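Good morning, and thank you for making time on the agenda. I would like to take you through one structure, beginning with a ligand and ending with a metal site.

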Amino acid sequence: MRCRLGVRASNSTRASSSPWSVKFPNRSPTNCAAESDAQAQPSRWVEPTQVRAAHLESTVTKVSNVFRLPVGARPSPQLGEQRPLEPTSPKRSEGGIVAGFLAPHPPHLIYGENPIQNEPRSEGGWETLRWAYEGVRRRIREVYRPDVIVVHAPHWITMVGHHVNCVPRSTGVSVEPIFPHLFRYHYDFQTDVELAHAIADSAEGLGLTVGRMTNPRLRVDYATIGSLHLVNDSWDIPVVSLSANNNPYFYSDAPQDQMELLGEATRTAIEATGRRAIVIASNSLSHMHWDREPDPPEDMSAEHIYNQHQYQWDMHLLEALRSGLGPDDLRSIISAHIEATASETKAGSLTWMLSALGWPVMPADVLAYGTVIGTGNGIVEWDMGKSMIS
Ligand code: 2X7
Ligand code: FE2
């Protein structure tokens, strides 16, 4: 599991040229979904700072070579700089949910892109997934032009209830706890606070336990930040972010009913407030993955799906989505896929999104599929305009 990367770094590899220099022939299978980020630290856990120090030591030359800059002179994001909030295009009159995306968040995709907001630097990698996200960004900017992006993410894990980020402006550094050498992202975004409270009210009205997160110092998780960056790297559209309640995360066979209710509550609130919204589910698919990292991490000769079983199940699920199956079929395929692949969708983001869209019986567009450290990742679009036409 991802956590083990940190464990192994502490022993055999720290003194070598990279903290994770063990090559893939030695890699062993694992399933990070069995341990959530929020719990079960491995007993020989290495402090991220130790890992970072070791990594920085070994990558200083690489960073300065790539950018031809003296160490320390690398450009950094202008933190604290207030940006205007206007959407990129005028508000359209029609409200409601105009599109949904399955928008997985592997930190490697941001690392591979080298955006200014992320501290680590790479030689690229995972291009086909990243290029598909470029298309998503264009469609959001030019076609959907939403007032708000509502995101549900599996790594903001809340122990009691479903939480809604109600902080008007969130700023900080989001760090991937297992991959701090890949993802240290400086974020700064605005929340649509009115819609956030409307979703919370509506979810409470449906009997869900709800929390309203108002602490501006809470560090926003990397799945929320990762997916939001990937769909809108200019951060000029307000956001509402929802947590993953721990229950569906811990029990892979737990019913996803609460996610369905949360989806309904989201839709009701969006319609009641007249927002033009897109909803994004920040979920990878099959979730078995390697626990050794190549050097460099973006060595694409080491990247492939964990096994054929995972691949076939991912294809089965994607085929079901692109065939436009009805809700009952989709529910049972999603659940079987979770069981078969330890899919990250067990955190509920996909179910929440489909429910928010009203379980549309329409073919979804699979824009890309690719693996990241062996996990399956599909970028999928539901254009609700199309569903109204057909
Ligand atoms: O959180 C993740 C993930 N969902 C997939 C791949 C790699 C890392 O982190
Ligand atoms: Fe994840």
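Let us begin with tyrosine 222: one of the polar atoms in its side chain lies 2.6 Å from an oxygen atom of ligand 1. Please keep in mind that this is a predicted model.

Two further contacts involve nitrogen on the ligand. An N or O atom in the side chain of serine 284 is 3.1 Å from a nitrogen atom of ligand 1. For glutamate 344, the distance from a side-chain N or O atom to a nitrogen atom of ligand 1 is 3.2 Å. On its own, ligand 1 has 250 Å² of accessible area, and the protein covers 99% of that.

I turn now to the metal. The iron ion, ligand 2, has His105 (NE2), His155 (NE2) and Glu344 (OE) as its protein donors, at 2.0 to 2.1 Å. Along the chain, the spacing of these donors reads H-x49-H-x188-E. Histidine 155 belongs to strand S3, residues 148-158, whereas glutamate 344 sits in the loop between helix H10 (327-341) and helix H11 (349-356), so this pair ties together parts that are 189 residues apart in sequence.

Are histidine 155 and glutamate 344 buried or exposed? Both residues are buried.

Thank you for your attention.

Key: Residues numbered from 1 in each chain as written. Chains lettered and ligands numbered in written order. Predicted model: local features only at pLDDT ≥ 70, side-chain atom pairs only at ≥ 80, totals over all residues. Heavy atoms only, no water. Donors = N, O, S within 2.8 Å, 3.2 Å for Na, K, Ca; no water. Helix = DSSP H or I, 4+ residues; strand = E, 2+ residues; numbered from the N terminus. Buried < 20%, exposed > 50% of the residue type's maximum accessible area, 1.4 Å probe, protein only. Polar contact = N/O pair within 3.5 Å; in protein donor to acceptor, adjacent residues only side chain to side chain. Areas by Shrake-Rupley, 256 points an atom, 1.4 Å probe, with all protein chains shown as cover.
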